[in-house]
Amino acid sequence: MKIRAFSLLTAITGMIVLTAVSPATADDTVMRLASLEWSPYVGSQLRDEGLTASIVKVAARQIGIDTKISYAPWSRTVQVGGNDPAYAGYFPAFYTKERESSCYFSGLLGRSIVGFAYLKKRPFDWLKLSDLQAYKIGIVQDYANGEEFDAMIKKGLLRTDAAPSDVSNLRKLLVQRIDVIVIDKNVLRQLLITEPGLQANRDQIEFHTQELTNFSMHICFQHTERGLAMRKSFNAALEKVDIKKLENAYFKQTDATGSR
């Protein structure tokens with residue numbers, strides 16, 4: 001069911017004062033971005049299409065640009081958003097050196113704390129990456145999980161099982177097809193509250209206190225002249241957005257309405 005709630009974007013219009021910046025070109029009145037369903041950060045059924053989407057929209061509106069988001073699995077999102085000229089780019093992309101060569105990163109949109117979820121009845125602990133060799137680890141196809149961790153996967157030093165989504169991984173975890181999964185802390189919290197089939201089992205799952213990595217999130221603008229110009233205009237507006245204030249307002253409103 002689509003969440004019906006008072007719009008955060010309307011609520012915060014008077015909270016920030018930004019200096020307008022001209023769009024990259026006269027034709028750039030719409031910024032079309034590819035994304036995935038990744039609650040609470042972005043999603044077609046979320047209020048304002050999610051926390052990170054709302055931040056993008058606030059910044060883009062200051063330069064006279066409307067934001068249109070198309071949804072697909074992550075692999076498709078990267079392919080389309082990164083190459084289709086109808087798009088400006090894709091988001092929310094974690095910063096990695098590898099991606100830096102293929103796109104222009106926007107300024108910071110927020111952060112993602114990534115770690116491991118496991119079943120309470122099957123205790124799990126780790127201190128260093130080599131400790132993870134004892135486990136079969138669920139990952140999402142084409143997600144970045146940290147440079148050292150991903151390098152170990154490429155070298156065949158870790159046993160991993162790739163799934164198309166976090167939901168798929170959680171379901172495999174519950175039936176013990178895998179030992180642990182890599183997941184964002186806020187995503188785990190949201191899915192265990194909202195996803196049918198997971199709610200009844202949420203008390204069985206624990207998030208390990210040790211972080212695997214803490215990613216910065218960005219728009220990955222296409223590696224073109226237009227993409228570079230769009231990033232410059234967008235970043236000028238984004239610098240004036242109080243992201244922490246918007247995050248607090250988003251989650252406060254979510255708690256107040258009971259919409260998760």
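This is a predicted model: local features need pLDDT of at least 70, side-chain atom pairs count only at pLDDT 80 or more; totals for chains, interfaces and linings use all residues.
Visitor: Let's start with the strand. Is β6 mostly covered or mostly open, and how many of its residues are buried?

Guide: In general, side chains in a regular strand alternate between the two faces of the sheet. Here, β6 spans residues 136–140 and is mostly covered, with four of its five residues buried.

Visitor: Which way does β6 run relative to β7, parallel or antiparallel, and how many bridges join them?

Guide: Strand pairing is read from the bridges, taking two strands as paired when there are at least two. β6 and β7 (residues 159–163) run parallel and are joined by five bridges.

Visitor: How many bridges link β6 with β8?

Guide: Two bridges, again in the parallel sense. I137 is a handy place to look: T160 stands opposite in β7, while V180 is the bridge partner in β8.

Visitor: Now for D179. Where does this residue lie?

Guide: D179 sits in the loop between α6 (166–174) and β8 (180–184).

Visitor: What does the D179 side chain reach?

Guide: For a polar contact, look for N or O atoms within 3.5 Å. The D179 side chain makes one with the side chain of R122, at 2.9 Å. The side chain of D179 also reaches the backbone nitrogen of K136, at 2.7 Å.

How values were computed
Residues are numbered from 1 along each chain as its sequence is written. Side-chain values use heavy atoms; hydrogens and water are left out. A polar contact is a pair of N or O atoms within 3.5 Å; within protein, one must be able to donate a hydrogen and the other to accept it, and residues adjacent in sequence count only if both atoms are side-chain atoms. Buried means under 20% relative accessible area, exposed over 50%, partly exposed in between (1.4 Å probe, protein chains only).
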